[in-house]
Amino acid sequence: MIYIKLFISFLKIGAFSFGGGYAMLPLIQEEIITKNGWLSLKEFIDVLAISQMTPGPIAINSATFLGYKIGGILGAVVSTLAVVIPSLVIILLIAHFLKKFKESKYIDWFFKGLRPVIIGLIASAAILVAKNTIIDVKSLIITLAIFYLVTYKKLHPILCIVIAGALGVMLY
């Protein structure tokens with residue numbers, strides 16, 4: 001029964017996650033924490049950290065790790081397949097009908113309508129992570145410093161990770 005619930009949960013997440021992995025974080029939170037109670041919020045934040053450290057898309061990494069944590073190896077396989085299936089089907093359909101809908105104003109309007117939704121979902125995910133990781137003044141300083149370096153100084157993200165680690169060592 002757990003595998004069916006995992007499959008349905010991640011199928012929904014995969015089907016309604018326009019905008020990539022960060023946009024799907026509120027959906028994952030709703031399904032995994034709020035609806036099913038499989039993880040605590042702290043565990044969820046830890047999963048995000050692990051998903052970020054491993055190569056590959058955050059959606060697949062999160063699904064695999066959460067599936068494993070909840071249902072072992074079979075849970076990882078079920079969750080990963082479920083989160084990928086909707087995108088695969090949608091891409092195959094788009095490829096099949098691309099010429100027919102390429103110039104459609106309705107399709108253009110649809111995607112223009114999705115853009116603000118994606119920004120809202122990503123902002124929601126950012127706020128969720130910030131509320132649970134900025135725990136003191138030191139972590140706020142690191143956050144603001146890295147934000148400034150990436151946004152205004154256009155520093156490479158890998159270099160920012162090294163700087164953040166060094167700041168962490170110095171401040172903690």
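Visitor: Taking helices as DSSP runs of H or I with at least four residues, and strands as E runs of at least two, both numbered from the N terminus, which helix is S139 found in?

Guide: S139 is found in helix α6, which covers residues 137-151. Residues are numbered from 1 along each chain as its sequence is written. This is a predicted model, where local features need pLDDT of at least 70, side-chain atom pairs count only at pLDDT 80 or more, and totals for chains, interfaces and linings use all residues, while side-chain values use heavy atoms, with hydrogens and water left out.

Visitor: Is S139 buried or exposed?

Guide: S139 has a relative accessible area of 9% and is therefore buried, a term that means under 20% with a 1.4 Å probe and protein chains only.

Visitor: And what does S139 touch?

Guide: Leaving aside residues up to four places away in sequence, S139 touches T133, I134 and Y172, with contact meaning heavy atoms within 4.5 Å.

Visitor: Switching topic, how do α1 and α2 pack?

Guide: Helix α1 (residues 2-15) and helix α2 (residues 25-35) pack at an angle of about 155 degrees, their axes lying 9 Å apart, and the two are therefore roughly antiparallel, the term for angles over 145 degrees.

Visitor: Which residues meet there?

Guide: From α1 come S9, F10, K12 and I13, which meet L27, I28, E31, I32 and K35 of α2. The residues of this contact divide into five nonpolar, one polar and three charged.

Visitor: And overall, how many helices and strands are there?

Guide: The protein has seven helices and zero strands, and buried residues make up 30% of its 172 residues.

Methods. Axes fitted to C-alpha atoms, helices over the stretch in contact; angles between N-to-C directions. Parallel < 35°, antiparallel > 145°, perpendicular 65-115°, else oblique. Nonpolar A, V, L, I, M, F, W, Y, C, P; charged D, E, K, R; others polar. Buried < 20%, exposed > 50% of the residue type's maximum accessible area, 1.4 Å probe, protein only.
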